[in-house]
Amino acid sequence: KCPFCGSYECVDNGYYCIEDSIITSLGLRIKIAQFRCKNCGAFWSSERDFIDNIIQKEKSFVKCLLIGAARQGLSLVSATSLVEETVGRSYSPQYLHELYTNVLDQVKQEKFCSASGAYNYDEQYLKENGNEVCRLTIKDVVTGDTILDKQTSDAQKETIKKEISKALEGLPVDAFIVDMNRIYPELIHELYPKAKIQWCIFHLHKIIWKELHEEFGKNIPLLQLYNTYTLFNIFFDHSIELKKLGELLKTFEKFKTKDVKSNNEITHGLQQEFRKFVKELKKQRRREHKLTPRRTIEQSKEIFAQIKQQILLFPKKLQKRIQYIDDNWEKFTLFQRDARVQPTNNGIE
């Protein structure tokens, strides 16, 4: 029946063979009949939807294989071998090359859209079969995805640059959260001139503690503990600890005597009380699933301005640390200006 005029006065008008490589490579010879209407003179062919559906499904399957290969970083040669082994037949190299090029663009776009642009970076030194190796790791701050987790024989600047650039190829790069290693800013800006850096505040606090212990030993005087928590208070809210230390200092002034030994005993008892207070405070935060509150950029600026005015009241090592924070202010406050960025590198530690 003519699909145009409805007439049954139709005659065969030959046929043509489907020449798609998927059909011919299977050794099939499929003919599509052609007709002519004697009434209206129209020409048409028999329907081939079933065959076209088979062709489309196989092409989609091959494309899925190539996308998977591209996501795993396989080369064109490896991807082609995978396709031919899975499907069981050869394809035109030109066809697979064109398809692979297209899926590579798709995978790059997928990676670009799925990455936040803000990353943790850290190194870990390990012993493997008696040999020292370095583990380099990059983690997306927002998605939590591990971008790089690789062992290398060293952590030289050029090795790090090579691995970072390879891992982040095709991805947006806006910011890094790193430990306070002096080589990182130069290394990162050589690769990504516009990338910003957040130095880990947790490591800043560790350095401050270390310097205090070096100067005062295990039992840090209450006044120096107060000075220390004043610095900790710049980026995180430690007003509770400062209030407690203020109370303990008043207690010491109330009970101190002219006897050095007696004063040392009073100080030791107050130090123990503060340690216990801090321990209980941490337990309470864990029970309530809370972290130490962060300061806003405005609060940090105001607190730090007061500290700089009173810098001479701090011991010399803390004076140097205050100057260091001032010199690197932008690297310590990026988390307050970019919501994606965390103040510490603990997310990868």
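Contact here means heavy atoms within 4.5 Å, and in that sense Ile234, leaving aside its neighbours within four places in sequence, is in contact with Arg295, Ser300, Ile303, Phe304, Ile307, Ile325 and Trp329. The model is a predicted one, in which local features need pLDDT of at least 70 and side-chain atom pairs count only at pLDDT 80 or more, while totals for chains, interfaces and linings use all residues. Residues are numbered from 1 along each chain as its sequence is written, and side-chain values use heavy atoms, with hydrogens and water left out.

Ile234 is also among the residues with the most contacts inside the largest nonpolar core, which has 63 residues, and Phe176 is another of them. A nonpolar core is a set of buried Ala, Val, Leu, Ile, Met, Phe, Trp, Tyr and Cys residues joined through side-chain atoms within 4.5 Å, where buried means under 20% relative accessible area with a 1.4 Å probe, protein chains only. Helix H8 (residues 222-232) gives the most to this core, with 5 residues, and a second, separate core of 14 residues includes Val62, Val83, Leu96 and Tyr100.

Strand S7 (residues 175-178) pairs with strand S8 (residues 196-199) in the parallel sense over 4 bridges, with Phe176 opposite Ile197 in S8.

Elsewhere, an open sheet of 3 strands runs in the order S1-S2-S3 with antiparallel pairing; its edge strands are S1 (10-17) and S3 (43-45).

How values were computed: Pairing = 2+ DSSP bridges. Helix = DSSP H or I, 4+ residues; strand = E, 2+ residues; numbered from the N terminus. Buried < 20%, exposed > 50% of the residue type's maximum accessible area, 1.4 Å probe, protein only.
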